Amino acid sequence: MGVGRVSFGIVVFPGTNCDRDCYYVIRDILNQPVRFIWHKDNDLKGIDCIVLPGGFSYGDYLRAGAIARFSPIMSNVREFAEKGGLVIGICNGFQILTEAGLLPGALGRNKTLRFICRYVNLIIERNDTPFTSEFKNGEIVRMPIAHNEGNYYIDELSKVKNLVVLRYYGENPNGALDNIAGIINERGNVFGLMPHPERCSEKVLGSEDGLRIFKSIVRSL
Amino acid sequence: MRTREELQRISMSLEEYELAKSMLGREPNDLELGMIAVMWSEHCGYKHSKKTLKLFPTTGPYVLQGPGENAGVIKLDEELALAMKMESHNHPSAIEPYQGAATGVGGIVRDILAMGARPIALLDSLRFGLLDNSRTRYLFSGVVSGIAGYGNCIGVPTVGGELAFEKPYTENPLVNVMCIGLLKGKPKSGKAIGVGNSLVLVGASTGRDGIHGATFASLELTSESIERRPAVQAGDPFMEKLLIEAVLEALEKSDAIIGIQDMGAAGITSSSVEMANRGGVGVEIEVTKVPQRERGMTPEEIMLSESQERMLLCVKRGREEEIRPIFEKWGLNFAIIGHVIEEKIVRVKEKDKIVGELPIDLLTEKVPAYDLITREPEKLKELQVIRDIPKIEKYEEIFLRLLGSPNCSSSSWVYEQYDHMVETNTVSIGSGASILRVKGKSYLLGITTDGEGRYCYLDPYLGGMMAVAESARNLVCIGAEPLAITDCLNFGNPEDPEIAWYFVETVKGMSECAKRLNIPVISGNVSFYNESEKYTVYPTPIVGMVGKIESIDIICTPEFKEEGDIIYILGEPGNLGGSLFIEELLGEVKGKPSFDLELEVKLEALLLKAIKGKLIKSAQDVSRGGLAVALAECSIWGNLGIDINIDAEKSIEEILFGEAQPVVIITINPSKEKEIEQFFKDIPIKKIGKVVKNSFTVRINNNKVIDLDVETLKKEWRSGIEKWMK
């Protein structure tokens, strides 16, 4: 696996709950260095890729990610991204990135108004990103989703025309505009996605498609 | 002097009041009376169940903690132990389904946390009325979203459980929640020791919510119950998540915490008194030290509040400040509210003034334990007889009706609302027992909950045995060796001799089966008074069971694997007593269920051995809806059909839809026919046919009775619940 050593930093908000899952995949499956970054800390020294994992950052009673964006760590994340560092936001992490304006658009309540946790099919729209180079364009992959608010929306679709990396394939589970499941910023270093790659990175859990996202990151650095 | 009416409001009888008064040697004041009432409530005091529960086997070589603590604990290996517990939240859920169910999850998670374990999975056993009733749909969707809202937020996966819809649960649904957790080293204890050591309240602030929740849960539900909505607590899962992380961090970093206790029913009163009782000490509480979120709370309100997301710690004197920063980091209260005293009393102070003082034993060991007056219901003999079974014209029609009924159909509408994958240990859910891996270990865990009220209603002794046996069988079918039981016993008013009889018979049956299968009961909960003006719930024991699978390569799952595989049944299918088939046709539950304990013991031992020896490709337990429904599930999950013929003397109805137990469907590679028949020669085994591509064909004595395709089955099975919940 991976040529070099890539140092990952996983941001932990008080209500984050997928932090340890990401940690396990990066350390035990991918064999890469990784550490937790408490949301009140600001030491990103030596970090190559920041992971904003899933969960309920501050309980999300208001709107997912709406409070987390004001957390001290987020200004460091912004600075890190501006310098070209890689940032991946998974599920709640994606919601936080849109709330913080690091990614365009917003994520509203699922059209069913219910939480949805299950595997979905996704199509890879762009493999020319640091997060998806291990896939082929047009490839169909399976990953699980688990969210209340994954209904992607943007006022003008043309703004993200070239930024869509992942789309729901076949069935659209949450009502997302244009089946959007994951997008990247213009510069190509900040990526947000609703599916949970860390939940499908081992055969025993039913799929290894997610691991290829982490592997792509390692390969790109 | 108190009036009967005054006492009734706090679920206390005049006789109990007089008894308490004579034990105390004086009139209790209002605060003391409130404390006595909650501790003497059925919910906290187990007055009507204590004696009967002694029947359960509770010990075993790997039991580290049996009943009596916040949860039971078993040893998994030299490093890890597993804590498990199940609890009911029926009454609150009947009044306020979302919060009732949510706080049920919160409470059980804290029980596991109190053992020093990280919660790793939740399961829910739910019972409602029929879905054609709009209030049932309201309760059902409210309970499911409550469980989802709470469980998803705290990051503990909800990986299993089961669900049934029967009329007697219409006004009094059952919400039984089970949690398991993993811990390293010795389990923690909910005890206070060492005079002078501090009692520290951590977590949320205290408000007026849930006052007298414990006494409320010890009354039948009436139309006035709805007015007691304030007795239902409100949950804050975000706070619970913080509490989980803070407690685990504190336990890991410091050994200054001696005891740890969930603060649930009866709030500070029961948690402090229970801790004192376990440690053989007394406690002094100063109520103004309790962080409050409302103004002007009285000592009584503070002592009885059931505000959620709080725990009580016993911390070594002088070392409190070691732990405080951890709780403050997570934004939680850390308040020293009292300390351990030598005299075995609970002393409540408001600043310097003593406002109440009661002996610990008056609130614990001396809570009255009643001998139940039991009487077998007269109507039972009549209920056990099925007179006329209507003539079936088309078996396919009734088969599809059963398969598409909410009691047999897919429960994906429910479990897709639960985050069942967080923590990344979930290997399999949704068919039979759930499977979790344990990171860093070669073994895996199997977990299940089971219990049929219908069977217990018709024959509680047999029904009790079947609840335990079915759980164990479900575990064996996935290749797991059953290790321990936690249970929840849901019944009506135990002061009614017929209900008391049902209760005692059910527990006897469960105990007998648990003893024979060698599975100890290490924790549990009793919920009485599950009745409304119109209905009494079926006597419903829910068994939660955990087992261990040696390694990943011996996992066995129920779905058919490959075309051409040979299908066998183990055991003797038949008997319509208590079946869903009879209920569907006659509109009522009738007949006498049948169960063979001797066969169960043999079957489970052989089946587990066969699975470990990799002789078997799939195994499926036959339960609700009988053989036909069980075969359909194996087909649906495996996306493969069957072509079978069963030679039998029994009627077609009995073979297809009978629910006699134990019966298990297995499939094997055709090359292993001789080996398998030899292997199971000591129990009934019958070859019935083979797995085919996509047609579902069943013949009885060579007469075709079902001829459908798998797609049709899937459609019916998938829409069973969804069609009602659109």
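Strands and helices are DSSP runs numbered from the N terminus, strands (E) having at least two residues and helices (H or I) at least four. The model is a predicted one, in which local features need pLDDT of at least 70 and side-chain atom pairs count only at pLDDT 80 or more, whereas totals for chains, interfaces and linings use all residues. Residues are numbered from 1 along each chain as its sequence is written, while chains are lettered from A and ligands numbered from 1 in the order in which they are written.

Two strands of chain A pair with β11(A), pairing being taken as at least two bridges found by DSSP between two strands. Strand β4 (residues 86-90) of chain A runs parallel to β11(A) and is joined to it by four bridges, with A:Val190 as the bridge partner of A:Val87. Strand β10 (residues 180-184) of chain A, in contrast, runs antiparallel to β11(A) through three bridges, and here A:Ile184 stands opposite A:Phe191. β10(A) and β11(A) form a hairpin with five residues between them, and in the turn A:Gly188 has a positive phi of about 85°.

In chain B, strand β4 (residues 118-128) is mostly covered, with ten of its eleven residues buried. Nine bridges join β4(B) to strand β6 (residues 174-184) of chain B in an antiparallel arrangement, in which B:Leu126 stands opposite B:Val175. Seven bridges join β4(B) to strand β5 (residues 158-165) of chain B, and these two strands run parallel; B:Ser125 has B:Glu162 of β5(B) as its bridge partner. From β4(B) the chain crosses through helix α8 (residues 134-154) of chain B to β5(B) in a right-handed β-α-β crossover, that is, with the strands pointing away from the viewer, the path from the first strand over the helix to the second runs clockwise.

Helix α7 (residues 97-113) of chain B is also mostly covered, 17 of its 17 residues being buried. Its 17 residues should span 24 Å at 1.5 Å a residue, which agrees with end C-alpha atoms that are 24 Å apart, the expected span being 1.5 Å times one less than the number of residues.

B:His89 is found in the loop between β3 (80-88) and α6 (90-95) of chain B, and B:His89 is buried because 32 other C-beta atoms lie within 10 Å. Leaving aside neighbours within four places in sequence, B:His89 is in contact with B:Gly100, B:Ala101, B:Thr103, B:Gly104, B:Val175 and B:Val177, contact meaning that the C-beta atoms of two residues, placed from the backbone, lie within 7 Å. Although B:His89 and B:Gly100 are eleven residues apart in sequence, they are 6.4 Å apart in space, C-alpha to C-alpha.

Between the chains, 21 residues of chain A are in contact with 22 residues of chain B. On the side of chain A that touches chain B, two or more residues come from each of α1 (19-29), β6 (116-124) and β7 (140-147) of chain A, and β6(A) gives the largest share, three residues.

The model scores ipTM 0.95 and pTM 0.96.

Notes: A residue is buried if 20 or more other C-beta atoms lie within 10 Å of its own, exposed if 12 or fewer, and partly exposed in between; C-beta atoms are placed from the backbone.
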